[in-house]
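I opened the notebook to look up a few things in this structure. My notes follow in the order I took them.

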Amino acid sequence: EKWDFVLVSDIHEVGSEKEIKRKKFLDELSKKGFTIKKIEDKKLFYGVRAPKQIFQKYQGLLRKPNNRLQNPNVHQDVPVTTSFSLLRIQIVNFILQNTTTPDLEKLHDLMKKKVFEATFPLHEKEEVREFLKEKWARWRGIFCQQPIEKIRCYFGEKVALYFAWLGWYTYLLGIAAVAGTVVFVAGITVFSSSQVSKEICEASNTIMCPLCDQKCSFWLLSDTCTYAKVTHMIDNEGTVLFAMFMAIWATVFLELWKRQRATVVTNWDLYRWDEEEEELAMELINNLQHEPQQYQHSYFRSTVILLLVLLMIAVLIGIAHALVIYRVIAMALFTQSNFAFLREQANTMAVMTGAVLHYITIVVMTKVNRRVALYLCDLEKPRTFSQRENNFTVKIFTFQFFTNFSSLIYIAFFLGRINGHPGNYVRIAGKWRLEECHPSGCITDLFIQMAIIMLLKQTISNVMEYLVPWIAHKLRKKQQRPKKRRLILGEEEEAEDPCKRQWLSNYQLNEVNIFSLFDEFLEMVIQYSFTTIFVAAFPLAPLLAFCNNLFEIRLDAIKMMRLCRRMVPRKANDIGIWLHVLEAIGILAVIGNGLVIAITSDFIPMQVYKYTYSPCMTENNTGVDCSTGYINHSLSIFRVQDFEPAQRLVQGEPGLAPTGLCCRYRDYRNADDYSYTVQFWHIFAARLAFLILFEHVALCVKLIAAWYVPDVPQFVKNQLLDRKHSNL
C-alpha cells in the first residue's frame, strides 16, 4: 500500500502538551478524510493518505469551462502535467502545511515546538527512480546527457527545469571556457616578449621608493621581473576582446535558454500555466470557504524594509573595509618578519591571506544573510508562497553579491588610487599606510584574489557539500541498526510491517526543505557572477566554472537520489525570478568589465602612451616598439628629503648615490610640487571615453543579440496557435 506523506514525532508522555497538540492535528486530518497509519519504533511514524475526492476536486477546479459544460457529470482527467503520484504529493503537502488546529496552529508552528520532528514524501521503488539512480546519479555519467523527462517524472517540473538550465549553462560555458583558455595561452606566448616586461626586467638602475615605513628598504624595479611578466600575461589586448566576447556570450546564453525553456515547457503542456490559479485551486481544495487574500501594499513597511536592507549592505561593506585593514596590517607585519621570504613577498602574501580570509567571511556571512533575508520576508508579509520566494531571492542575492564582491570591487577600482604618494600617504588610524599597486599594474592582485576564491569555493565547498550529507546519512543509519537487530532476534514470530522498513530508511536520509533547490540555484548564480563580471581580470574563470559544473550536476543528482529525502514536487514553467537576476548580472558584467579595462588594467595608459608620447609619435621612429619607454614614462620622481619623519631613517641607503637621493613611484605627478601632470588628465579623459564607448557598444550588441535571437522558436508558436484553433 502507498502512502502520500510520513510525519515523524518523538514518543511523548500521555497527556503531555505535545501529545495533545499532535492528537488535535491528526484529528483535523481525519476530519478531512485522510487515512492515518501509526508505526512505533524509537520514534512515532504516521503515514497519511488523502481521499480520492480531493483529486476529483482538483480536476473539477482546473478543468476548462467548456469541458465542464459539455460533460457536467463525467470526472474526466484534466491534462495535468505531472504523473498522478507527483500530483498527490503536491496537494497533500499543501493541505498538511495549511491545516489549522483548534489552537490556530499549523504544521510549521508544531514543528517549531517539537511536536513533530519531520515530514516528508517517500522515495518509492519505482522504475523511474531505479533508472535515475543507475544512469543519472552516477559519477561515470559525468559526460552523458541528462534524462530531463525522467527527472521531471520523479521530482516535478521545478527540479527538472533547474537541471535543464544547469545543463544548458554548462554546455554553453564550454564555448566561453575555450575562448578564455585561448586568451590565457596567447598571454603566455607574450610572457617574455612583452616590451613592458623587458623594460622592467632590465631596469636594474631604477630605484623604487620603499613599500612600507619600517624595515623596507629601497628596491630595484628589476627585482619584480617575474611579477611583471605574470601581469602582462593577463593584461594585454586579448583581454579587451575577451571581455566584449563575454558580454555578448551572457546575452546569447540567456536568449538561447529562453528558447530552450519554451520548447521544454511546451512539451509539458505548461507554457500558459498560471501559478496564481494553481495556488487558488489548492486553497479551495483545503477549504471550500476560502476567500482569496487581497493584494496589499504598505509604504511604511516598504520604507522600513528598504532602510534595513541598506543597513545590512552597509554592514557588508564594513566587512570589506575590515578586510582592507587586515591587508594593510598584514603587509606591515610581513615586512617586519624575521623570514626573508615573507619580507620579500609581503605584498603577495597579504593578498593571498586576505583572499583566504575573504572566503571564510563568505562562508560565515552566507548563513547570516539567510537569517536576515528570512526575517525581512516575514516583515513584508507576502501574499503567497511564490511571492515570498521571489522576495527572499532578491534579498539574499543582493546580500550575497555584496558579501562576495565588495572586497573585489575595492581591489579592482580603489587599491593604489586612494593611498596618496610618498611624503603624503593616506594612513589608517594615522599609523598604517594603505597598500599600493605594483609598478606593473593592479590587475594581478585581482587575478590572485579571484583565483583563490573560485578554487576554494569549487573545492572545499563542493567536498563539504557531498561529505556532510554522506557522513550524516551514515551516522543516522548506524543509530537505527541496534533496534532492528533486537526486533529480529527477539520477536521472530511477529512479521515486520512492510511499511516500517521503508519509512525508517527514508527517515535516515538527510532532511530537505523548501530552500534546498534554492541553495543550488544561488550557488550557480553567484558562480555565474564570478564568471562574467570580472572575467577581464581572470580569463580562466569560465574554464574553472565549466569543470566545476560537470561535477556539480552529478553531485546534486547523487544527493537528491541517494543521500536526501524526496523533495516535494512543484510545478513551474520557468526558473522564475532567477532569470531577471541573470539579466541584471549580464548588465553588471558589461559595467564591471568596462571598469576593469578602463581603470584596473594598464591597457588605456599604454594606448595613450603609444599614440601620444612614444618614440613612434614624437621621433617618428617606426623601427622600434611603440611601447618603448612606457615604464619610465609611468613612474614619477620623489625627492628623499621630502619623506615624512617616520621614513627618513632610510635616507642613508647606499643604493641611492647614483640617483641623486631620488626614488621612483607609480603615478603621474610633477617632481617639484607632486601635483598631477598633464599626462594624468590625458589618461583620465581617455579612461572615461573608453568606458563610455565600451559600455554603449557592448549594451548595443547585447540588445541586437536579444532582438536577433527570438525568445520562442517558431515551431512552438505554431504549435500553440494550432492548439488555440483546435480549442475553438
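Which residues make a nonpolar surface patch of about 580 Å²? I found Phe300, Val304, Leu308, Leu311, Val315 and Tyr375. I note that the model is predicted.

I then picked one patch member, Leu308. Leucine 308 is found in helix 13. Is leucine 308 buried, partly exposed or exposed? I read a relative accessibility of 30%, so leucine 308 counts as partly exposed. The cut-offs I used: buried is under 20%, exposed is over 50%, and partly exposed lies in between.

Then I turned to the whole chain. I counted 26 helices and twelve strands in its secondary structure. The C-alpha atoms fill a box of roughly 100 × 65 × 55 Å along the principal axes.

How much of the chain is buried? I noted 52% of the 728 residues.

Last, I checked the charges. The protein chain has 83 positive and 72 negative charges. I put their mean positions 5 Å apart.

Key
Residues numbered from 1 in each chain as written. Predicted model: local features only at pLDDT ≥ 70, side-chain atom pairs only at ≥ 80, totals over all residues. Heavy atoms only, no water. Helix = DSSP H or I, 4+ residues; strand = E, 2+ residues; numbered from the N terminus. Buried < 20%, exposed > 50% of the residue type's maximum accessible area, 1.4 Å probe, protein only. Lys, Arg positive; Asp, Glu negative; His and termini not counted. Charge placed at Lys NZ, Arg CZ, Asp CG, Glu CD. Patch = residues over 30% accessible without salt bridge, like charges linked within 9 Å, V, L, I, M, F, W, Y side chains within 5 Å. Areas by Shrake-Rupley, 256 points an atom, 1.4 Å probe, with all protein chains shown as cover. Salt bridge = Lys/Arg side-chain N within 4 Å of Asp/Glu carboxyl O.
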